[in-house]
Amino acid sequence: MLLVIVILLASVAAAHHIQDMILEVSLPSRYERIIAGETIPVESQIILLKGGQTVADVVIEYTVTDKNGVLITKASETKGGTLRIYSVMELRIPKQTPPGAYEVKVTASHGAITKQSSVTLEVEEEVQEFSFTPLMLLGIALLLFFIILLYERHKFKRIEHLIRKVSERELLKKGLIG
């Protein structure tokens, strides 16, 4: 009788624990190709396969490694859920990360059950695009203003010189200057 009660209690207790889980990992398509220094949102969905409706705590670890397995960055969190756990973890890729392919690996653990899934991302070299800043535009406008000012001054001096020549000729014709 005691043996039957122990087996019954053990089966009831086991009905509340995770029997297995499914892990799905993804990156939004915009973040499949990034520039070093950006933050990527890693989306993970864990489906808990168990009996009962008690909350299960799952430890979720995120790692980013290069093709040689060298760790670039990592983070972890603990989330609780009864059937499904959805998480978005933002991972910053360091600015000094060289261009290349990297693996984002997510590991979900609860007790003795561990599941892993991964996605790849491409870190690209930053392309320097030239853009005008407001200060540069102001500098260009001032430079153009001074160029126009010098041109107008030169034009005014030329006209003034012509007026003097014409005035001198008129004065010579009238005999006022010698």
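How many aromatic pairs does the structure hold? The structure holds one aromatic pair, a term used where ring centres of Phe, Tyr or Trp (its six-membered ring) lie within 6.5 Å, with planes under 30 degrees apart counted as stacked, over 60 as edge-to-face and the rest as tilted. The pair is formed by F145 and F146, is edge-to-face, and has 5.7 Å from centre to centre and 65 degrees between the planes.

This is a predicted model, in which local features need pLDDT of at least 70 and side-chain atom pairs count only at pLDDT 80 or more, whereas totals for chains, interfaces and linings use all residues. Residues are numbered from 1 along each chain as its sequence is written, and side-chain values use heavy atoms, with hydrogens and water left out.

The chain has a mean pLDDT (the predictor's confidence in each residue, from 0 to 100) of 84, and 88% of its residues reach 70 or more. Over residues 1-16 pLDDT stays under 50, and the model has seven contacts (heavy atoms within 4.5 Å) for them beyond four places in sequence.

An open sheet of five strands runs in the order β2-β8-β7-β4-β5 with mixed pairing, where two strands pair if DSSP finds at least two bridges between them. Its edge strands, β2 (33-35) and β5, each pair on one side only. Strands β2 and β8 run parallel and are joined by three bridges, and R33 has E122 as its bridge partner in β8.

E122 lies in strand β8 (residues 113-124) and, leaving aside neighbours within four places in sequence, is in contact with E32, R33, I34, G100 and A101. T73, in strand β5 (residues 71-81), touches Y62, T63, V64, L91, R92 and I93, not counting residues up to four places away in sequence.

The table gives accessibility, where buried means under 20% relative accessible area, exposed over 50% and partly exposed in between (1.4 Å probe, protein chains only).

| Residue | Relative accessibility | Class |
|---|---|---|
| T73 | 17% | buried |
| E122 | 28% | partly exposed |
| F145 | 48% | partly exposed |
| F146 | 48% | partly exposed |

Conventions:
Helix = DSSP H or I, 4+ residues; strand = E, 2+ residues; numbered from the N terminus.
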